[in-house]
Amino acid sequence: MSAEQPLVLGIETSCDETGVGIVRGETLLVDAVASSVDDHARFGGVVPEVASRAHLEEMVPTIERACREAGVRLRDLDAVSVTSGPGLAGSLMVGVASAKALALSLGVPLYGVNHLASHVAVDIVEHGPLPEPTMALLVSGGHSSLLLVPDVTSDIRSLGSTIDDAAGEAFDKVARVLGLPFPGGPYIDRAAREGDVVIDFPRGLTTGRDMERHRFDFSFSGLKTAVSRWVQAREAAGEPVPVNDVAASFQEAVVDVLTRKAVLACREQGAQHLQIGGGVAANSRLRAMAQSRCDDAGIELRVPRPGLCTDNGAMVAALGAQMVLKGRDASRLDLPADSSMPVTQISA
């Protein structure tokens with residue numbers, strides 16, 4: 001094994017994306033993804049059984065494609081890393097079983113890593129080593145979390161998370177109310193660019209006792225309900241629904257809360273760097289508002305390119321490579337797929 005530039009293959013199957021990435025040290029060689037989103041679109045959301053079947057069908061072709069595009073052979077690998085949690089149980093099992101088989105056959109160490117920690121680590125292959133500590137805002141379909149990260153391989157501290165709907169989940173549900181396709185995030189982002197922020201939707205957990213008790217937590221269920229009721233009232237009155245304006249106003253409420261709490265956390269924790277990850281980090285308004293507020297607060301913002309924000313194998317490979325570089329213990333071959341793996345548990 002190359003101690004300075006370990007060659008690591010990462011496998012990600014926490015939801016509906018079959019991701020395989022290959023990293024050499026801190027350099028990304030390839031990020032291969034096979035998406036089953038079209039299979040789920042007609043259901044308006046991810047169907048676990050359909051996702052698991054898609055992973056089974058796509059795993060070997062995606063590994064082969066990744067190696068071919070990176071110009072490496074499997075026998076060149078120094079380690080294999082895999083998302084062992086959190087996520088959909090069936091999907092995780094496919095990835096974990098595949099990684100075990102690969103590591104065992106190649107005789108290389110296996111690292112079962114946390115999906116959320118991987119979203120933080122992927123920025124290393126984009127912008128270089130993470131400052132220690134880094135504040136991380138992770139926003140996706142299943143998670144909205146604020147994390148203080150002194151060391152992405154050994155020390156992640158949860159400051160707050162969603163108490164109901166995650167931000168990405170709210171995007172999907174509001175898109176459905178507005179008659180927009182699944183997944184909702186990109187379609188709401190696109191519609192919002194043509195609309196105006198003219199509706200004052202609620203910002204959950206940002207005032208009074210709610211803010212005191214849930215300083216760094218998030219809540220988007222009430223916002224989702226407010227949008228639904230506003231649309232229903234318009235329809236009941238026989239008035240047209242201004243989809244673009246509703247999208248812009250909803251998006252503004254979400255982004256306002258996320259960035260406001262993230263910058264506050266940076267100030268209170270003395271973190272000079274904010275990193276945003278997860279699928280919602282691809283949202284153009286979130287990136288713009290975060291940049292503006294970080295500039296005003298003297299905080300450096302790090303956001304990976306959109307393709308590395310959504311679920312992918314590169315992020316798992318990036319974290320696996322960091323585990324090797326920092327000498328962290330490898331996982332046992334009987335490591336489980338843990339659908340409720342806490343973010344503070346970085347590896348299995």
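## Cis peptide bonds

Pro133 sits in the loop that runs between helix α5 (124–127) and strand β6 (134–139). In this predicted model, the peptide bond joining Glu132 to Pro133 is cis, with omega at about 5°.

A cis peptide bond also joins Phe182 and Pro183, where omega is about -5°. Pro183 belongs to the loop between α6 and α7 (184–192). As background, most peptide bonds are trans.

## A positive phi at Leu205

The loop between α7 and α8 (208–213) contains Leu205. The phi angle of Leu205 is near 60°, which is a positive value in a residue other than glycine. Most residues other than glycine have a negative phi.

Is Leu205 buried or exposed? Leu205 has a relative accessibility of 9%, and since buried means under 20%, Leu205 counts as buried.

## The chain as a whole

The chain holds 13 helices and 10 strands. Along the principal axes, its C-alpha atoms fill a box of roughly 65 × 45 × 30 Å. A compact globule of 348 residues would have a radius of gyration near 20 Å, and the chain agrees with this because its own value is 20 Å.

Of the 348 residues in the chain, 53% are buried. The accessible surface of the chain is about 14100 Å², and carbon and sulfur atoms account for 47% of that surface. Considering contacts between residues at least 6 apart in sequence, 75% join residues at least 24 apart.

## Aromatic pairs

How many aromatic pairs does the chain have? The count comes to 2. In one of them, the ring centres of Phe171 and Phe250 are 5.1 Å apart and the ring planes stand at 75°, so the pair is edge-to-face. An angle over 60 degrees is what places a pair in that class. This pair links distant parts of the chain, with Phe171 in helix α6 (residues 167–177) and Phe250 in helix α10 (residues 243–269), 79 residues apart. Phe171 counts as buried at 3% relative accessibility, and Phe250 is buried with a relative accessible area of 0%.

Phe218 and Phe220 also form a pair, with ring centres 6.3 Å apart and planes at 10°; the pair is therefore stacked. The cut-off for stacked rings is an angle under 30 degrees between the planes. Phe218 is buried, having a relative accessible area of 0%, and Phe220 is buried as well, with 1%.

## His55 in helix α2

His55 lies in helix α2. With a relative accessibility of 0%, His55 counts as buried. The C-alpha atoms of His55 and Cys15 are separated by 9.3 Å, while the two residues are 40 apart along the chain.

Which residues does His55 touch, not counting those up to four places away in sequence? They are Thr13, Cys15, Asp16, Glu17, Thr18, Ser91 and Val94.

## Val96 in helix α3

Helix α3 (residues 89–106) includes Val96. Val96 is buried, and its relative accessible area is 3%. Leaving out residues up to four places away in sequence, Val96 touches Val82, Thr83, Ser84, Leu335 and Ala337.

## Asp76 in a loop

Asp76 is placed in the loop between α2 (48–70) and β4 (79–85). With a relative accessible area of 29%, Asp76 is partly exposed. That class covers residues between the 20% limit for buried and the 50% limit for exposed.

In sequence, Asp76 and Leu7 are 69 residues apart. In space, the distance between Asp76 and Leu7 is 7.4 Å, C-alpha to C-alpha.

Conventions: Residues are numbered from 1 along each chain as its sequence is written. This is a predicted model: local features need pLDDT of at least 70, side-chain atom pairs count only at pLDDT 80 or more; totals for chains, interfaces and linings use all residues. Side-chain values use heavy atoms; hydrogens and water are left out. Helices (H or I, at least four residues) and strands (E, at least two) are DSSP runs, numbered from the N terminus. The radius of gyration is taken over C-alpha atoms; the globule rule is 2.2 Å times the number of residues to the power 0.38. Buried means under 20% relative accessible area, exposed over 50%, partly exposed in between (1.4 Å probe, protein chains only). Contact means heavy atoms within 4.5 Å. Accessible areas come from the Shrake-Rupley method with a 1.4 Å probe; for residues, only the protein chains shown count as cover. Rings of Phe, Tyr and Trp (its six-membered ring) pair if their centres lie within 6.5 Å; planes under 30 degrees apart count as stacked, over 60 as edge-to-face and the rest as tilted.
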